[in-house]
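Here is a short tour for anyone opening this structure for the first time. Have a look around, then read on.

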Amino acid sequence: MHFGPHLLLAALEGLVTSAVLALTALGLSLVFGVMRVVNVAHGEFFMLGAPLAWAISTAIPGHPTVGFLTALVIAPLIVGAIALVAERLVLRRLNYNPEATIVATIGMLYIIQQLALSFYGPEARPVEPPFSYRILLPWFGYSGYKLSIIAASGLLLVATWLVLTRTKIGLIMRATQYDSETAQAFGIPVDRVYAGVFALGAMLAAIAAVLIVPISQAHYLMGQDPLLLSFIVVIIGGLGSLRGTVVAAVLIGLSDGIISVFFSPTLAKIIATLLVAMVLVFRPQGLFGTAPR
Amino acid sequence: MSEASPAKAYALHLGVIALLFALSFVLPDYHHGLLARIMVLAVFAMGYNMLFGYVGLLSLGHAMFFAAGLYGAGLSVIHLGWSLPLAFLAGIACGALLSLVIGLLALRTTGVAFMIVTMMFAQVFYLTILYFAAWTGGDQGLVVPQPARVLTFGATSLDLTNPTVRYMSALALFSVVLLITLAIVRSRHGRVLVAIRENEERTKMLGYDTFSNKLAAMIVSGTICAASGAAYALLFGYVGSSFASVQYSILPLLWVLLGGAATTLGALIGTVFMYYVIDIASGYTSAYLLIVGIALILLVLFFPKGILGTIRQRWLGWLP
């Protein structure tokens with residue numbers, strides 16, 4: 001293949017990564033923005049989506065589309081319920097203290113990972129994609145399913161944006177994010193908003209995992225890279241900024257895709273992580289964020 | 001915290017060291033070996049405690065300092081053929097240098113950003129070890145060959161692979177670091193650190209240079225962790241990338257939380273306790289990470305002061 005088509009392929013792969021990353025990072029960003037909680041277990045909520053999708057799609061007989069679509073609805077709901085329980089049992093009791101919640105979510109990370117290993121096992125298992133149409137480009141054929149991931153992620157991002165900016169729920173969430181004490185004084189059930197946001201964040205991550213699992217396979221350690229990448233995206237995009245998160249996800253996903261095609265993936269990760277750490281040190285509000293109040 | 005009589009505190013610490021010395025002669029082989037390892041890892045926890053307990057800075061990247069010592073010492077023996085004392089010093093120097101650089105960068109941030117920045121630097125360090133697999137052995141790690149682990153002083157030679165020598169070397173390192181931390185936390189500098197933890201703005205207003213005090217604490221902490229790593233490489237003869245992974249940044253946090261943050265002996269108690277819990281549990285199940293996870297959550301929920309922290313609060317106010 002020549003350089004041009006090669007670059008196009010890398011860019012397409014990068015866009016798929018970006019699409020999944022944007023959803024995952026959006027969940028992390030919402031939780032941090034509204035609750036000021038750094039959820040280290042976020043990658044595990046992402047991971048949980050994949051084995052659940054495998055279990056659901058293998059349990060349902062018939063055409064793979066039925067199984068996949070069921071998984072796409074049920075798996076995030078289960079993950080959301082788990083997150084809700086974790087929030088009620090642990091985070092709320094810690095009064096959302098930033099340092100204590102980090103330690104607690106590290107604990108959750110280990111618990112979820114180990115339970116996934118015990119019940120699901122160390123194997124990587126595939127999930128059949130709902131359709132296997134290939135789009136033929138002049139230079140190579142490209143999976144139609146991968147393109148549909150980009151579309152699905154785009155739809156979900158627009159939907160989240162609409163909810164946040166155009167509905168009463170969104171208004172309540174933004175009010176809580178802006179000043180939780182004043183929101184509480186105005187009769188907003190801040191406590192319930194926190195629970196809902198934490199569950200929503202986990203569900204977004206789980207949806208991302210269900211979308212990616214037909215092209216990557218479900219494995220109990222698959223939450224580690226998305227966690228780090230989501231951190232990177234959220235930091236670059238500015239903590240709690242939705243637009244910044246999406247722009248940063250596309251930027252990171254594309255550059256990750258392109259750099260990994262042409263260079264060693266480990267080197268790409270080293271450079272990306274180092275650059276982001278430097279951003280956090282020298283420009284803590286992120287590249288697109290505004291200075292904190 | 002009530003004012004402690006220095007004699008009482010030093011007597012307690014010397015008593016603990018004497019107890020560990022005596023244990024060497026009565027413990028069965030298995031526990032003897034385990035305790036040697038625990039003492040080296042307790043040094044790691046003490047280094048972590050310097051920063052987390054006394055300055056209140058929660059780092060999620062201390063594995064890099066441990067690994068700096070581990071690789072600094074291990075690689076200079078393996079690749080350069082340096083003698084053991086020199087290699088040990090090389091490991092410590094690597095940790096000191098790394099903690100200086102990381103401190104200068106990471107201490108510009110506070111709170112949550114500090115945790116994430118330290119975690120990212122540690123991740124970079126970990127990936128760098130994997131990237132240079134040709135020298136570091138990557139995932140597999142490297143074994144420090146047994147002949148290289150013999151210390152010769154003229155006619156006498158000390159074989160670090162001998163269990164008793166290993167135990168005593170670990171104890172020596174542990175004792176030195178324990179007494180150093182005790183001296184530091186009782187010093188003027190140690191009190192400034194606690195003041196920074198309690199209220200940094202006020203400490204600044206009182207005229208203290210909080211940044212250089214924090215930087216000093218970071219370097220002391222990183223250097224102690226590196227000493228632990230260097231000792232680990234030389235005493236147990238293995239360097240591997242898993243010691244630089246996130247998990248080894250979390251473990252000292254767990255040990256210190258369990259034993260009691262900002263207590264000099266808490267690091268040892270937490271390490272002993274957690275190590276044995278995991279050791280016993282792994283006899284029944286391979287799911288030891290589950291125990292780590294549950295312990296972390298239970299500790300922050302119900303027992304945030306840890307074992308010694310609670311004892312100090314309830315009964316022994318003078319405990320350092």
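## Starting with one residue

Does L211(A) count as buried or exposed? This is a predicted model, so everything here is read off predicted coordinates. In it, L211(A) has 27 C-beta neighbours inside 10 Å, and 20 or more are enough to count as buried, so buried is the answer.

L211(A) sits in helix α8 of chain A, which covers residues 190–216. Skip its neighbours within four places in sequence, and L211(A) is in contact with V20(A), I149(A), A152(A) and S153(A). Another residue to look for is I150(A): I150(A) and L211(A) are 61 residues apart in sequence, yet their C-alpha atoms are 9.5 Å apart in space.

## Chain A as a whole

Now zoom out. Chain A has 11 helices and two strands. If you walk along from the N terminus, the elements come in the order α-α-α-α-β-β-α-α-α-α-α-α-α.

What about overall dimensions? The C-alpha atoms of chain A fill a box of roughly 60 × 45 × 35 Å along the principal axes. A compact globule with 293 residues would have a radius of gyration near 19 Å, and chain A agrees because its own value is 19 Å. Of those 293 residues, 44% count as buried. Take the contacts in chain A with a separation of 6 or more, and 76% of them are between residues 24 or more positions apart.

## A pair of helices inside chain A

Helix α5 of chain A (residues 144–166) packs against helix α6 of chain A (residues 168–178) at an angle of about 75°, with the axes 5 Å apart. That angle is why α5(A) counts as roughly perpendicular to α6(A).

Which residues meet here? From α5(A) come V163(A), L164(A), T165(A) and R166(A), and from α6(A) come I169(A), G170(A), M173(A) and R174(A). Sorted by class, the contact has four nonpolar, two polar and two charged residues.

## Where the two chains touch

The contact between the chains takes 32 residues from chain A and 31 residues from chain B. On chain B's side, the elements giving two or more residues are α4 (84–106), α5 (111–131), α11 (246–259) and α13 (288–302). The largest share of that side comes from α5(B), with 14 residues. By class, the chain B side has 25 nonpolar, five polar and one charged residues.

## Two loop residues with positive phi

R36(A) is not a glycine, but has a positive phi of about 60°. You can find R36(A) in the loop between α1 (3–35) and α2 (42–59) of chain A. With 18 other C-beta atoms within 10 Å, R36(A) is partly exposed.

Q217(A) has a positive phi too, near 95°, and is likewise a residue other than glycine. Its place is the loop between α8 and α9 (224–237) of chain A. Q217(A) has 15 other C-beta atoms within 10 Å, so this residue is partly exposed.

How values were computed
Residues numbered from 1 in each chain as written. Chains lettered and ligands numbered in written order. Predicted model: local features only at pLDDT ≥ 70, side-chain atom pairs only at ≥ 80, totals over all residues. Contact = placed C-beta atoms within 7 Å. Helix = DSSP H or I, 4+ residues; strand = E, 2+ residues; numbered from the N terminus. Nonpolar A, V, L, I, M, F, W, Y, C, P; charged D, E, K, R; others polar. Axes fitted to C-alpha atoms, helices over the stretch in contact; angles between N-to-C directions. Parallel < 35°, antiparallel > 145°, perpendicular 65-115°, else oblique. Rg over C-alpha atoms; globule rule 2.2 N^0.38 Å. Buried ≥ 20, exposed ≤ 12 C-beta atoms within 10 Å, placed from the backbone.
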